[in-house]
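Work through the exercises below with the sequence and the structure open. Each task is followed by a worked solution.

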Amino acid sequence: MTPAVTTATLADLAELADVAAETFPLACPPSVSQENVAAFIDENLTQSHFASYLDDPGRLVLVARQDDRMIGYAMLIRGVPDDDDVQRAVSVRPAVELSKMYVLPDSHGAGGSAALMTEALKHAKELDAQCVWLGVNQHNERAQHFYAKHGFTVNGTKTFRLGTRIENDYVMVRPV
Ligand SMILES: CC(C)(COP(=O)(O)OP(=O)(O)OC[C@H]1O[C@@H](n2cnc3c(N)ncnc32)[C@H](O)[C@@H]1OP(=O)(O)O)[C@@H](O)C(=O)NCCC(=O)NCCS
C-alpha cells in the first residue's frame, strides 16, 4: 500500500527526530567523521529544532507513514537563501527549496519517497512556486538519481558546512 503523507504536527516530533537522526548519516559521504555528523544532528535535527520548523510559516514539514510507522519526512522552505551560488543556480522565481527528503533504509525503493515527492511538489505549487530547488551532496548518487527521475536537473554547485568540513553539493532545479 502507498504510504500516507501528511503535514507534520506536534505529535510527530519525537519520531521526526528519530527518523532524522537515523537517515541524515545516509546522505553523508563516508569521509565525513561521526563527530561532524553528530554535531550536525545536535544543531539541526532535534525535537526542538523540528518544533521550531513546524512553527515557521516559511516552512512545511511532511511525514510519510506506512501502517502507522513513520518511514520518512520532507521539508519545504520558501525562497532562495542569500548565497551567491544558489542565487545563480536558481534563476526561476518564486522558488521553494526542498530542504530535506529522508526515508528509512528499509523503505528505499518502495514508493514512500515518491509519495513524499509528489506531495512536496503539490505543496510547492500551492505556495505559488514556479521552481523547486535542492542541494544534494556530489557523492550521493542514489539521491541524485532519485531527483533526476522526478524531473530535477543540475543547474549549479554550492558548498555546505558539515561540522568542521566544507562539502560540495549540486544544486538541482525543477519547474513546478
Ligand atoms: C534519497 C531517497 C529519499 C530516495 O528514495 P529511494 O526510495 O531510495 O528512491 P528510489 O529507489 O525511487 O530511486 C533511487 C534510484 O537510484 C538508484 N540507485 C541506487 N543506488 C545507486 C547508486 N549508488 N548510484 C546511482 N543510482 C543508484 C536506484 O536503482 C533507483 O533508480 P531506479 O528506480 O531507476 O532503479 C532515499 O534513498 C534516502 O532517504 N536516502 C538517504 C537520505 C538522503 O540521501 N536524502 C537525500 C538528501 S539530499
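How many residues lie between β6 and β7 in their hairpin, and which residue in the turn has a positive phi?

Solution. The hairpin of β6 and β7 has two residues between its strands, and Gly163 in the turn has a positive phi of about 65°. Strands here are DSSP runs (E, at least two residues) and helices are runs of H or I (at least four residues), both numbered from the N terminus. This is a predicted model, in which local features need pLDDT of at least 70 and side-chain atom pairs pLDDT 80 or more, while totals for chains, interfaces and linings use all residues. Residues are numbered from 1 along each chain as its sequence is written, and side-chain values use heavy atoms, without hydrogens and water.

**Exercise 2.** Find the strands that pair with β7.

Solution. Strands pair if DSSP finds at least two bridges between them.
- Step 1: β6 (residues 153-162) runs antiparallel to β7, with nine bridges; Thr153 stands opposite Val173.
- Step 2: β5 (residues 131-137) pairs with β7 (residues 165-175) in the antiparallel sense over seven bridges; Val136 has Tyr170 as its bridge partner.

**Exercise 3.** Describe the polar contacts of the ligand (pairs of N or O atoms within 3.5 Å).

Solution.
- Step 1: a polar side-chain atom of Arg142 is 2.7 Å from a ligand oxygen atom.
- Step 2: a backbone N or O atom of Met101 lies 2.9 Å from a ligand nitrogen atom.
- Step 3: an N or O atom in the side chain of His145 lies 3.1 Å from a ligand oxygen atom.

**Exercise 4.** Which helix gives the most residues to the shell around the ligand?

Solution. α6 does, with seven residues.

Conventions. Polar contact = N/O pair within 3.5 Å; in protein donor to acceptor, adjacent residues only side chain to side chain.
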